[in-house]
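Let's take a walk through this model together.

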Amino acid sequence: MEKETVIEATGSGERLDVLLASVSELTRSRIAGLIREGRCQVQGQTVQKPGQVIPEGVAVRLTVPPPKPITPQAQDLPLNILFEDDVMAVVDKPCGMVVHPAAGNEDGTLVNALLFHLNNLSSIGGSIRPGIVHRLDKETSGVLLIAKNDQAQLSLSEQLQNRTMEKHYLALVEGVVKDETGYIEAAIARSHSDYKKMAIDPQGRYAATEWRVLARGRQCSLLDVHILTGRTHQIRVHMRSIGHPVCGDPLYGSGKGVRVPRMMLHAFRIAFDHPVTGVRMQIEAPLPENFMTGLQRNGINWTQE
């Protein structure tokens, strides 16, 4: 059973919640809630005001309770299954859906839908991530592989690690990209200034991305992005690093110039060897309506073949 954790800090003339957020990976809103619950002490005295200013040198202590256990339940949620057989499935995850339950997203996830629609799921990911071979960000839509048994999961995971699985994304990025193709090789690690973000970091994990331009519009470009590695936020970080962040990206975008209804990143094609037959398979996810709308609003009439 997990134990509670303690976060300690020393005041520097700023708000209590801001101070604690700067020395932890908790969100400021989460910290404010814990303070209101009476879990924070300033110089040994309980305080319940997140906005209280803490003078320089004053000791602060926040007690964080262990996370509540999550047991995903089957939910009758819409699920577009692109392919299914006895050992695996390929689904089309919609934009806005979280892949698996976590604090703040206990239900309404892809896992909840999988438990309802599929009879069997691999157990390697545990009860929180049954069948999940790889993930997509909440605001990214598209193809996702699901394993129905452990043998299939091991085979598909090995292909990911050995980079024999091929994943292509459609990305509408800010700015008119001049070159027709490009290659980005830059290591990625957790940002030191904002734990929600990833950043280019020579000490991070190796990451490589290649891209080609499919179409150009008003102040934006549509790219076919092929990731050679699978780092967290890889496309979003790499495209920002060359001055062309993904349109509508709430973390890495500029928020200027291009109006879109969603983050314009869609996993549209995946190629892999079937975990049992070994036959090479290629599956595509159709473009969502809101993605098409984003393209059309910005003068791009590209259609998926």
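Leaving aside its neighbours within four places in sequence, which residues is Val279 in contact with? They are Phe272, Asp273 and His274, where contact means heavy atoms within 4.5 Å. Before going on, please note that this is a predicted model, in which local features need pLDDT of at least 70, side-chain atom pairs count only at pLDDT 80 or more, and totals for chains, interfaces and linings use all residues. Residues are numbered from 1 along each chain as its sequence is written, and side-chain values use heavy atoms, with hydrogens and water left out.

Val279 sits in the loop between strand E16 (265–273) and strand E17 (280–284). Helices (H or I, at least four residues) and strands (E, at least two) are DSSP runs, numbered from the N terminus. From Phe272, again leaving aside neighbours within four places in sequence, contacts reach a list of residues that includes Met88, Leu145, Leu156, Val279 and Ile283.

Phe272 also leads us to the largest nonpolar core, which has 48 residues; Phe272, Leu114 and Leu145 are those with the most contacts inside it. Such a core is a set of buried Ala, Val, Leu, Ile, Met, Phe, Trp, Tyr and Cys residues joined through side-chain atoms within 4.5 Å; buried means under 20% relative accessible area, exposed over 50%, and partly exposed in between (1.4 Å probe, protein chains only). Strand E9 (residues 141–147) gives the most to this core, with five residues. A second, separate core of 16 residues includes Ala9, Ile35, Val60 and Leu62.

Now look at the open sheet of four strands, whose order is E1-E6-E3-E4, with antiparallel pairing; two strands pair if DSSP finds at least two bridges between them. Its edges are strand E1 (5–10) and strand E4 (45–47), each pairing on one side only. From one strand to the next the twist averages 30°, with axes fitted to C-alpha atoms (for helices over the stretch in contact) and angles running from 0 to 180 degrees between N-to-C directions. Helix H2 (residues 28–36) packs on the sheet, touching strand E3 (40–42), E4 and E6, and its direction makes about 95° with that of E6. Six bridges join E1 to the antiparallel strand E6 (residues 59–64), and Val6 has Thr63 as its bridge partner there.

Finally, turn to helix H5 (residues 234–241). Why is it largely enclosed by the rest of the structure? Because six of its eight residues are buried: Gln234, Ile235, Arg236, Val237, His238 and Met239. After H5 comes Gly243, with a positive phi near 85°.
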